[in-house]
Every structure is written in C-alpha cells, then in structure tokens.
Amino acid sequence: MQKKVIYVDSGAQLTSSKNTWNISIDINLEGDYNRITVLQSQIPVSYYVIGSGANTFTLTEGNSSVTVTITPANYNVFSFSTTVGALLTAASPNGYTYTITYPNSYTSPDTGLLTYTVNSIAKTVSFTFPARSPLSEQFGFVSGSTNFFSVSGLVQTITSTNVVNFTPENSLYIRCNFCDGETTSEQSDVLLAVYGSNVQPYSTITFTNPCPLETSKRLTSKDRNLSFSVCDENSQQIFMNGGNIQMTLMFYKDETVNKSIEEYIAMKTRLLEIEVDDNMQKEQDSANGVVSQEAQLKAREETLKQREDDLALREESLRQQQANNNILPNINEQEEVTQTDSNIENRPEDQTQVPDNRSQEVLGQG
C-alpha cells in the first residue's frame with residue numbers, strides 16, 4: 001500500500017472569532033493517493049462553555065422582546081445563576097427583577113435543574129433559544145424552543161426541563177474541504193470525530209485512532225492547500241481562542257477500492273446472467289408446457305376416436321349377429337316343412353298302385 005504521513009499544526013490561526021485554519025502540503029496528491037485518515041490528534045480545551053456565536057437568547061415580557069447576550073467564558077452553575085440573573089434584570093423592558101436558584105444539595109435533593117423567578121405577574125414572560133444553539137444546554141431547555149413562566153402567587157416561575165450542562169463541549173468534529181465521508185448528510189465532510197470524557201476547561205484531549213483504515217475518507221480534491229475547521233455535533237463553530245490543534249494524517253492509495261468495484265461488477269454481472277438464464281428456462285418450460293398440453297389433447301382426441309370406432313364396430317357386429325339369429329329360425333322352419341311333406345308322400349297307404357303291364361306283355365307274346 002502506497003502511503004504518506006504528514007503532521008498538521010493549526011499554529012496561531014484559531015482565535016476567539018475564527019475556527020478555521022489552512023495549510024499547504026508538499027506531496028503530490030494527483031494519482032498517488034485516494035484516501036486520508038487521522039492517526040493521532042491532540043486538541044486543547046481552550047474553547048469556552050459558552051462561546052462566541054452561541055451566547056444569545058430572547059427575553060419576552062408581554063409584547064416586548066429583547067436579545068440578551070452573555071459574555072463568552074467558562075461558567076459553573078453558581079456563576080451562571082448570578083451572572084444571567086443580573087443580565088435579565090438589566091435587560092428587562094419593564095424593570096422586572098430576576099433570580100435564578102439551584103438546589104442546595106446539603107438541604108434538598110439535587111435535581112440538576114435551575115429555577116427562574118420574576119417578581120411580577122403583570123405580563124407573560126418567556127425565554128426563546130435559537131435553533132441548534134448549545135446555549136440552551138446551560139439553561140436546561142431545548143434548542144429552538146420558547147418556554148413560558150407560570151404564575152405562582154405574586155411571582156412567575158419556570159424550572160428547566162433538562163439537566164443543565166456546564167462542561168465544555170465533548171463532541172468535536174474536525175471538518176475539511178478535501179474529503180468525502182460518502183454519505184448524504186451534512187457530516188459528510190467530517191475528517192475526524194473526537195468524543196471526550198469528563199472534559200475539563202483548559203485540559204487536553206488526546207486521541208489515537210484504533211482503526212485508521214476503517215475511519216478513512218475518500219479524497220475529493222488534489223489541491224495541496226488544505227482547509228480545516230472545528231464544529232460541534234450541530235455544525236456550530238467552536239472557537240479555540242488561540243489553542244493549537246495537532247494531527248497526524250496519513251494519505252494512502254487503496255487498491256482494494258478498485259478491486260472491490262471490479263468484484264462488485266463481476267458479481268452483478270453473474271447475477272444478471274443467472275437471472276437471464278432463469279427467465280429463458282421459464283420461457284422454455286412454458287413453451288414446452290403448451291406443446292405438451294397440445295400433444296396430450298391430440299392423444300386424447302385420437303383415443304376418443306378409436307373408442308368411437310370400436311363402438312361402431314361392436315354395434316355393427318351386434319347388428320350382424322342379430323340378423324343371423326333372425327335368418328336361422330326361418331331356415332329351420334323351412335326344413336321342418338320340407339321334411340313333413342316328404343314323410344307324407346312316402347306313406348304306404350297314400351301311394352297309388354300302378355299295375356305292371358310289362359309282365360303281361362311278355363306273357364302275351366309267348
């Protein structure tokens with residue numbers, strides 16, 4: 001397998017407002033390589049829990065709405081409650097006061113939920129979060145949702161529906177402009193997906209690919225100028241704030257791709273041949289079936305004709321026998337009559353005496 005390993009460093013290109021970096025490589029991609037994979041990577045957790053571009057939401061009081069902007073930084077549940085409570089109060093169109101509380105695990109069950117309270121019931125209050133915004137995770141709501149406060153006595157309150165999250169993003173996607181994951185989803189240009197575990201601010205995520213060939217991507221460009229970017233699972237930008245990303249890349253030429261294609265074509269061709277043979281056999285069997293049926297019908301017709309001929313012969317024979325039987329009694333009757341007449345003529349008493357004149361004539365002559 002023909003291969004080439006290179007090392008990539010983002011350098012100082014990743015800032016608080018830029019999540020892409022570019023490099024130029026000194027290898028010939030034209031015809032020499034068709035796949036790319038990441039062997040190793042090291043990613044600093046220099047990005048914030050609440051980052052630039054994902055730090056705004058809408059506060060609505062009655063018919064008045066304002067956009068609230070949170071300073072990009074790392075927060076925990078307590079610093080978030082204090083900071084955002086103050087921002088809501090300062091941004092309130094009607095001068096309302098907001099407080100955010102979290103269960104005291106020493107005195108009550110820890111549910112992981114925040115409760116938001118406003119000191120007025122005069123107007124309906126709600127929070128609205130942008131679609132696919134990770135900021136909703138810190139508030140404990142669903143991205144793209146609008147969440148209304150409920151009246152409780154002289155105040156309005158709302159409790160987050162999801163457990164709040166104040167750990168840095170643990171799903172990082174390194175995207176590029178020269179590979180194709182061979183899918184139709186928006187993640188088709190993802191070169192590497194890194195899933196951190198219990199990620200802590202300012203730590204480092206180290207990744208070693210256990211199956212580089214299986215996670216390789218097809219090269220779609222032969223340009224030596226490569227571009228990378230960092231995003232979360234919702235394709236939202238992640239800003240590294242100057243942190244450097246290092247990766248070890250391997251370009252290689254996979255001959256098994258062409259071989260697999262050839263094997264696939266051969267298999268499909270063989271299946272088509274088998275299908276054609278089956279269809280021809282079915283047509284032949286069908287034709288033979290028609291011929292066989294015609295032969296059977298003809299044989300049956302000949303058998304029926306033979307039987308009809310036999311029946312005709314038998315009828316003729318029976319008629320002849322019947323005719324013979326009718327003639328025989330007549331003949332017997334005639335014989336009896338003749339015999340009777342003969343007997344009558346020969347009876348002595350019925351015979352006439354004829355004198356014998358010959359003797360007399362002789363005697364006279366003498």
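Predicted model: local features only at pLDDT ≥ 70, side-chain atom pairs only at ≥ 80, totals over all residues.
**View 1. The open sheet β6-β7-β11-β10.** Four strands make up this antiparallel sheet, in the order β6-β7-β11-β10. Strands (E, at least two residues) and helices (H or I, at least four) are DSSP runs numbered from the N terminus, and two strands pair if DSSP finds at least two bridges between them. β6 (98-101) and β10 (150-152) are the edge strands, each with a single partner, so one side of each has no neighbour in the sheet. From one strand to the next, the twist averages 30°.

**View 2. The pairing of β6 with β7.** Strand β7 covers residues 115-118 and is joined to β6 by 4 bridges, the two running antiparallel. Tyr98 lies opposite Val118 in β7. Helix α1 (residues 77-91) packs on this sheet and touches β6 and β7; contact means heavy atoms within 4.5 Å. The direction of α1 makes about 165° with that of β6. Such angles run from 0 to 180 degrees between N-to-C directions, with axes fitted to C-alpha atoms, for helices over the stretch in contact.

**View 3. The open sheet β5-β4-β8-β9.** This sheet has 4 strands in the order β5-β4-β8-β9, with antiparallel pairing. At its edges stand β5 (64-69) and β9 (146-148); each has a single partner strand, so one side of each lacks a neighbour in the sheet. The twist averages 25° between one strand and the next.

**View 4. The pairing of β4 with β8, and helix α1.** Strands β4 (residues 56-61) and β8 (residues 125-128) run antiparallel and are joined by 4 bridges. Thr58 faces Thr128 in β8. α1 lies across β4, β5 and β8, at about 145° to β5.

Residues are numbered from 1 along each chain as its sequence is written. Local features need pLDDT of at least 70, side-chain atom pairs count only at pLDDT 80 or more, totals for chains, interfaces and linings use all residues, and side-chain values use heavy atoms, without hydrogens and water.
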